[in-house]
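Here is a short briefing for a first look at this protein. Keep the sequence and the 3D view open while you read.

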Amino acid sequence: MTPQPWDFDVAVIGAGPAGSSAATTLARRGHRVLALDREQFPRFHIGESQLPCLNDVLDRLGVAPAIAAGGFVPKWGASFTTADGSVERYADFSRAAEVSQPRTYQVHRETFDHLLLQHAVASGATVKQGCRADDVAFAADAVTLTYSEAGHATTVRVGGIIDASGRFGFLGRRFGTRVHDPLLQNIAVHRQYTGVPRATGRRAGDIRMVTRPDRGWFWFIPISDTVMSVGAVIPKTVYNSMSRGTPDESLDAFIRETPAAADLLANADAVSPGRFEADYSYLHSQHAGDRFLIVGDAGAFLDPIFSTGVLLAMHTGIEAAEEMSDGLRAGDLQRSRFATYESRLIKRYKYFRRFAAGFYDPAFRDLFFSPSARFGMYEAVLSVIAGNWRPSLAVRLRLACFFLLVRLQRLLPIAPRLVAVSIPRPDSPAASTFPSQS
């Protein structure tokens, strides 16, 4: 028998959704895969709300039945509410253009990510938890990876490596630069509650989003029959102008400032500590090199306004694995081979970024909250919110018309304008006073 040139064909650093997707795809294609993660699963992670277009990804991986049996809260849409609660817009995914499966899930990421990882193991991947990738060396014929397990260092030779290490950026720290979005500079504080009222029937599982006049917003995500994930996404300029405190104190302050959020949490009890997240939006300058690819949050993350994080991560995990697999079989793992992967990743990121950035534009919000549906534009926008990043020409034309109206709205009130004012600090007598829609 001819000796194998490597210990594994591919090493995957990180076993979250992107890493598990990559490991599963490679293993199902017959490759020997080693996946490492610093943590032991299940572990806490933020990002509970999913999009309908994730269904296609789960089907590709063969993990859809396991997720469907996971007991997750079904999600059929989203509600967007102004800060004073006077105006609400319901986004029903069943109306989204070109979305065949409108139902998705709100998930405990601990359970969801663990199911994905278990599926990678069942597909044939070797997974090691509690292992830290320490060093990597590239040669013309192999990659040498050193990792620590229970205090002991182990070295393996692999044909290629996929970096799914999240914000840590195992390879990103060595290659390229993480470029933070100059517009989407936000922070988030969040925790979980019980006792938060929710809608009944099919809408009981929907995410509810409460906007703020300072362009920030709240999420309310039901992740079980009793528990609600609640978070505030706030512009850094607003956060930096307030008195600093613990995550719990900061979130309490933002809740007091936002009447609609305060009403929802009036009789709620916190059941988890507050947590702080920062540097939400960035795009790495390099996503591939000789014998490596970067996926998921290691390469890009977009503001969570439309819950695209897991979808984008799993897309890149699958696509990177397919590119790596094809390269292994062709005996070519040069960066030039991965050019299509890089361009597709950047194109998809920028496509969703346009809408994420748009939601922080008051004119965009004015039109989104308007009850009028113009020539199918509402259904086209819903298609994007549902995760469709490859719409037909007809949908693209409707989206172009929508953004043309956004430009006009900045000059002329086509739709009623939502008054944008500075929010007083919570110790101000006017802290609970918000204007309604004009």
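## Overall picture

Of the protein's 438 residues, 57% count as buried. The model is a predicted one. The protein holds twelve helices and 21 strands. Its radius of gyration is 22 Å, close to the 22 Å that the globule rule gives for 438 residues, so the protein is as compact as a globular protein of that length.

**Size, surface and contacts**

- The C-alpha trace spans about 75 × 50 × 40 Å along its principal axes.
- The protein exposes about 17,600 Å². Carbon and sulfur atoms supply 52% of that area.
- Among contacts with a separation of 6 or more, 75% are between residues 24 or more positions apart.

**Strand 14 and its two partners**

- Strand 14 covers residues 217–222. Six of its six residues are buried, so the strand is largely enclosed by the rest of the structure.
- Trp217, Trp219 and Ile221 point one way from strand 14. Phe218, Phe220 and Pro222 point the other way. All of these residues are buried.
- One partner is strand 13 (residues 207–211), which runs antiparallel to strand 14 and is joined to it by four bridges. Here Thr211 has Trp217 of strand 14 as its bridge partner.
- Five residues lie between the strands in the hairpin of strand 13 and strand 14. In this hairpin, Arg215 takes a positive phi near 80°.
- Another partner is strand 15 (residues 227–235), which pairs with strand 14 in the antiparallel sense over six bridges. Trp219 stands opposite Gly231 of strand 15.
- Strand 14 is joined to strand 15 by a hairpin of four residues.

- Strand 4 (residues 77–81) pairs with strand 5 (residues 88–92). Their pairing is antiparallel, with five bridges.
- The bridge partner of Thr81 is Glu88 in strand 5.
- This hairpin has six residues between the strands, and Gly85 takes a positive phi near 80°.

- Three strands form an open sheet in the order 11-18-21, with antiparallel pairing.
- Why does one side of strand 11 and of strand 21 have no neighbour in the sheet? Strand 11 (178–180) and strand 21 (300–301) stand at the edges, each with a single partner strand, so one side of each is left without a neighbour there.
- Strand 11 and strand 18 (residues 282–284) run antiparallel, joined by three bridges. Across this pair, Val179 stands opposite Leu283 of strand 18.
- Helix 9 (residues 339–359) packs on the sheet. The helix touches strand 18 and strand 21. Its direction makes about 170° with that of strand 18.

**Helix 8**

- Helix 8 covers residues 309–330. At 1.5 Å a residue, its 22 residues should span 32 Å, and its end C-alpha atoms are 32 Å apart, which agrees.
- Is helix 8 largely enclosed or largely open? Of its 22 residues, 17 are buried, so helix 8 is largely enclosed by the rest of the structure.

Note on methods:
Residues are numbered from 1 along each chain as its sequence is written. This is a predicted model: local features need pLDDT of at least 70, side-chain atom pairs count only at pLDDT 80 or more; totals for chains, interfaces and linings use all residues. Side-chain values use heavy atoms; hydrogens and water are left out. Two strands pair if DSSP finds at least two bridges between them. Helices (H or I, at least four residues) and strands (E, at least two) are DSSP runs, numbered from the N terminus. Contact means heavy atoms within 4.5 Å. Axes are lines fitted to C-alpha atoms, for helices over the stretch in contact, and angles run from 0 to 180 degrees between N-to-C directions. Buried means under 20% relative accessible area, exposed over 50%, partly exposed in between (1.4 Å probe, protein chains only). The expected span of a helix is 1.5 Å times one less than its number of residues. The radius of gyration is taken over C-alpha atoms; the globule rule is 2.2 Å times the number of residues to the power 0.38. Accessible areas come from the Shrake-Rupley method with a 1.4 Å probe; for residues, only the protein chains shown count as cover.
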